[in-house]
Number of protein chains: 2
Amino acid sequence: MILIAERINGMFLDVKQAIADKNKKVIQDLAKNQTEAGASYLDVNVGTAAADQEGTIQWLVETIQETCSTPLCLDSQKPDVIAAGLKVINAENGVLLNSTPLNKKSDEEVFDKYVEMANQAGPKANIIALTMDKNGVPQDTDTRVAIAAEIVSKAMEKGFDTQRLFIDTIVLPVKVPNAQSQPGNILAAMDQIKYLSDPPPHMTIGLSNLSQGASERSLINRVFLAMAISRGLDSAIADVFDQALMNVVATSDLLMDKQIYSDSFLKVYSSANKG
Amino acid sequence: MILIAERINGMFLDVKQAIADKNKKVIQDLAKNQTEAGASYLDVNVGTAAADQEGTIQWLVETIQETCSTPLCLDSQKPDVIAAGLKVINAENGVLLNSTPLNKKSDEEVFDKYVEMANQAGPKANIIALTMDKNGVPQDTDTRVAIAAEIVSKAMEKGFDTQRLFIDTIVLPVKVPNAQSQPGNILAAMDQIKYLSDPPPHMTIGLSNLSQGASERSLINRVFLAMAISRGLDSAIADVFDQALMNVVATSDLLMDKQIYSDSFLKVYSSANKG
């Protein structure tokens, strides 16, 4: 499981404050602790913490890289912010560009732009592509799969290895009225997306969004993650500090025959994934 | 979710002792407490507790019925023991005959016999049929589905409503060497079994068997149950006293859009399912 740790995000108050104060220690501790907890990537999102988003993502990247070499996941809806981050990143460790829809209302070829940026950043630069197009986020299974198919097909046309694609099926909060059919639709979409290419594209989700504003957040995240891993989900942006969630990842891997059973399988998993 | 509570089974030492002592209180407390915890059926299995299996299952049924009217699930590999239980049961509450393979080495038409017994017991008598035939328990997905298809087809031929069938895909302990591919195969079989008839047969599993002898039993059971419910599993023989497991059932129902979200969804589920 490729876990993208979610905490270095300006939406969290401690990070917002650290950005305002240029307090490196808060950011570096989060980087080290999330790596220790099993993160494969560290998400880096300025959020609404600063007016100068480009300068801020560069400060965050440089601050993290001073202390650890865990690959980063540059998270912004603005390509210019991602591009700014890429200027200072050590892309040899790997990097994820998070994220692009297939296209936008303006018909701007935004996916193409991300492929170009990833290619410039080097062979270890990957892209999170959302099953979302100029009409917004689809509600049904078929449109999600159709957009994913178009993403995969565009990548192939451009000679961009489909294993460098992370298809994000966009999880909506289960608490939102009329959103309760979404989890089932997303699982059904995953069943099909994994067959879009051979080898398949990665699949990822912003897991915590599912339980946004809900009670029992960890429980809701855990149950859906188990369901999704059984459909082939191999990545998630998630709270790696949630030990119960990490135990579900280890157990799902066990049940999907990706880890051999031993009485200490939780410990074995956790040691194997420590940064 | 149709939960079949597993505790009244002579394999548990307290039940074994209660059977030996003809101690009604132990059995009746288990019946009441499992009902209170959310059981739809109470499994009744003599186990190896007594030589006189037929007399013992009758004593258990009568003892339980003195104190509660929760439907019973008569659990034995011997049709004569099930038949003995049926003689004293109040089948108007509903009853499950647990369980029959498609056929046996002897070519004995054992499934037909169960259909006959269920029909005699009345319209609320249902059958758990195992995806198992004279060759034993299949290891792969396709043979499981093929046996299930034959069970469904036999039921249809005999005019036995497929909604009275509970197809049990037989979960093996994940700890057993070479059994780790089984959970994935079973989930794939469930994906197909639910389309064998319209309306579909029920699907059930003996959940606790999955974690037999393993560490982290509840965690393993919970993760697999979430995966299986997302494939359409609508019943399980399980430990209803495991509150963490019951919370996963409630959350799975929420995510599969079978319960409306409210901040107190766990409590709502639990109240709705109390006997």
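This is a predicted model: local features need pLDDT of at least 70, side-chain atom pairs count only at pLDDT 80 or more; totals for chains, interfaces and linings use all residues.

Biologist: What ipTM and pTM does the model score?
Modeller: The ipTM is 0.95 and the pTM is 0.96. For chain A, the average pLDDT is 95, and 100% of the residues score at least 70.

Biologist: Let's go inside, then. How many residues does the largest nonpolar core have?
Modeller: That core has 173 residues, and A:F224 and B:F224 are those with the most contacts inside it.

Biologist: What does A:F224 touch, not counting residues up to four places away in sequence?
Modeller: In chain A, A:F224 touches A:V171, A:P183, A:I186, A:L187, A:I205, A:L207 and A:L210, and from chain B it touches B:L255.

Biologist: Which residues of α8(A) are buried?
Modeller: A:F224 is one of them, and the list also includes A:L219, A:I220, A:N221 and A:R222. Eleven of the 13 residues of α8(A) are buried, so this helix is largely enclosed by the rest of the structure.

Biologist: What do the buried residues of α8(A) pack against?
Modeller: In chain A they pack against α7 (182-193), β8 (235-238) and α9 (243-255), and in chain B against α8 (217-229), α9 (243-255) and α10 (265-272).

Biologist: How far apart are the end C-alpha atoms of helix α8 of chain A?
Modeller: They are 18 Å apart, which agrees with the 18 Å that 13 residues should span at 1.5 Å a residue.

Biologist: And how many residues of α9(A) are buried?
Modeller: Ten of its 13 residues are buried, and α9(A) is mostly covered. Among the buried ones are A:L245, A:M246, A:V248 and A:L255. From its first C-alpha to its last, α9(A) reaches 18 Å, close to the 18 Å expected at 1.5 Å a residue.

Biologist: New topic: how many aromatic pairs does a search of the whole structure find?
Modeller: The search finds two over all chains. In one of them, the rings of A:Y261 and A:F265 have their centres 5.9 Å apart and their planes at 40 degrees, so the pair is tilted. The rings of B:Y261 and B:F265 likewise have centres 5.9 Å apart and planes at 40 degrees, so that pair is tilted too.

Biologist: Are A:Y261 and A:F265 buried or exposed?
Modeller: Both A:Y261 and A:F265 are buried. In chain B, B:Y261 is buried with a relative accessible area of 11%, while B:F265 counts as buried at 0% relative accessibility.

Biologist: Which ring does the charged end of A:K22 sit over?
Modeller: It sits over the ring of A:W59, 5.1 Å from the ring's centre. A:K22 is found in the loop between α1 (13-21) and α2 (24-37) of chain A, and its phi is positive, about 50 degrees, although A:K22 is not a glycine. In chain B, B:R7 lies over the face of B:F12, at 4.2 Å from the ring centre.

Biologist: What about A:E216, what is its phi near?
Modeller: Phi of A:E216 is near 60 degrees, again a positive value in a residue other than glycine. A:E216 is in the loop between β7 and α8 of chain A, and at 38% relative accessibility it counts as partly exposed.

Biologist: Last one: is the peptide bond from A:D198 to A:P199 cis or trans?
Modeller: That bond is cis, with omega near 0 degrees, and A:P199 lies in the loop between α7 and β7 (202-204) of chain A. The peptide bond from A:N98 to A:S99 is also cis, with omega near 15 degrees, and A:S99 is in strand β4 (residues 95-100) of chain A.

Definitions and conventions: Residues are numbered from 1 along each chain as its sequence is written. Chains are lettered from A and ligands numbered from 1 in the order in which they are written. Side-chain values use heavy atoms; hydrogens and water are left out. A nonpolar core is a set of buried Ala, Val, Leu, Ile, Met, Phe, Trp, Tyr and Cys residues joined through side-chain atoms within 4.5 Å. Buried means under 20% relative accessible area, exposed over 50%, partly exposed in between (1.4 Å probe, protein chains only). Contact means heavy atoms within 4.5 Å. pLDDT is the predictor's confidence in each residue, from 0 to 100. Helices (H or I, at least four residues) and strands (E, at least two) are DSSP runs, numbered from the N terminus. The expected span of a helix is 1.5 Å times one less than its number of residues. Rings of Phe, Tyr and Trp (its six-membered ring) pair if their centres lie within 6.5 Å; planes under 30 degrees apart count as stacked, over 60 as edge-to-face and the rest as tilted. A charge sits over a ring if NZ of Lys or CZ of Arg is within 6 Å of the ring centre and within 35 degrees of the ring normal.
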